[in-house]
Amino acid sequence: MMELNKPKVADFSLDKVAEKTQAYWKMPKAPLNPDGFDCVVVGAGLSGLVCVQQLIDSPSAARIRSLHVIEFGEGVGGRLRSCEPPAGARSPAPAGVRSRAHTLSTAKPGIDLGAAWSWSSDKNVRKLARDMDIDTIEQPWEGKIVECNDGGRRTLRDARHGESPSGGGSVRFLDGGAAQICRKLKSEIEELRASNKIVWHFGTAVEAVGAIPETDEMEVLLSDETTITGLAVVFCCPPTAVAKIEMHPPLPEQRLQAMKLCQTWMSTTLKFSCIYEGKFWEEEELSGFGSLVFDEDDDAHIVETVWNNSDCQTFCIAGFARPPKDEDIEEGKVRKKIYDDLVLLLGENAREGRLDYVDWSRSLYNCDRFEEGTRQHREYGHPLLKQAHARRIIFGGTETENESGHMEGAIISGKRAANEAYQVMLGRRQSNKDALGNQYM
């Protein structure tokens, strides 16, 4: 299993921090440092990094004194996560590779265990990839599809044009998978003329945010007991995480409930990849795409769908699985369930690969733990998720946009949040005009 980034404080529980934070806000405050932070960005995933880039790479960046980036994990990326294949697991370039700036022999492999696909409608994602000189590969689909029911009966049928879990016209990213977008964004940010204004703070959590009386400043209390001030605080993280943070003034109850019950994108799935020495599934003229249908109460099976995740250098099958209901299940048992289901779909050779997985339902980036029967919603882009609070607390993150939780939504939200933060720092009311001069829709 891939190691998840582990914070120094792994609990956002309001009950644990309420007493401490309530006492904190009653303490007398020292005069504000005139050189304090102008803006605080919470979250260093795709949305947060785009927000930071927009703020410091604008013609008006000189007006920004400094930015403080707070990240719960130990590095950038959020829900963009890739693993490296073992040495020797390589394949020749398949059809569909779009190479521009360099030959495929120099491409760095990366197997996505988080967000992966992009579609032609993703104008912001595609532009960002082009600007970073990241090559793409079309999602393979040719061959037979395997379908297996809960009785173990295996059937084959020919794939229709473009038929795959991602739909027709989707592409994946070469040179390290989708996660490289965040790594390259951080590198670009650090090379910008205003990069000396940025302070990166990894491995910590935000416990409380509050307006400082008789000032225009917001103050952020961190789990390591440090405080940061800024004219604006931008949350680029899942709404369920934001809902667990103490706020002064508090969020209105309707908005708080909307955030608490917003299903975090990817939080209900386990994603895995299995790397092989060859495309054994092609010997049976299989596409690598298959699905397993089983009863909801069936604990013997967890894999739901698989697909050919090979690229120009790696032979790979990837898939989505239902997270085990037993939170204390041993990792070895999870692996066995995945291998057993792969064998049902693709044959005994499927057991010979190297398996990596991330159970996103247990990820530290997702904070939705609900009692059984709790009804969540996926009304991404709802005004209650994206409207600023107390004018200076701003909300980004892919769930705040309409793009179904995909990377496109993360980029749009990061640009929007940067514009709103900049309007606050200029002392303006929010408007539809982009103060940074960027088109973010």
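**Exercise 1.** Work out what span helix H7 (residues 331-346) should have, and compare the distance between its end C-alpha atoms.

*Solution.* Start with the rule: the expected span is 1.5 Å times one less than the number of residues. H7 has 16 residues, so it should span 22 Å. Its end C-alpha atoms are 22 Å apart, which agrees. Helices here are DSSP runs of H or I with at least four residues, and strands are runs of E with at least two, numbered from the N terminus.

A note before you go on: this is a predicted model, where local features need pLDDT of at least 70, side-chain atom pairs count only at pLDDT 80 or more, and totals for chains, interfaces and linings use all residues. Residues are numbered from 1 along each chain as its sequence is written, and side-chain values use heavy atoms, leaving out hydrogens and water.

**Exercise 2.** Classify the ring pair of Trp 117 and Phe 320, then say whether each residue is buried or partly exposed.

*Solution.* First, recall that rings of Phe, Tyr and Trp (its six-membered ring) pair if their centres lie within 6.5 Å; planes under 30 degrees apart are stacked, over 60 edge-to-face, the rest tilted. The structure holds 8 such pairs. In this one, the centres are 6.4 Å apart and the planes at 80 degrees, so the pair is edge-to-face. Trp 117 sits in the loop between strand S5 (111-112) and helix H3 (123-131), and Phe 320 in strand S19 (residues 315-321), 203 residues apart.

Next, apply the burial cut-offs: buried is under 20% relative accessible area, exposed over 50%, partly exposed in between (1.4 Å probe, protein chains only). Trp 117, at 11%, is buried; Phe 320, at 22%, is partly exposed.
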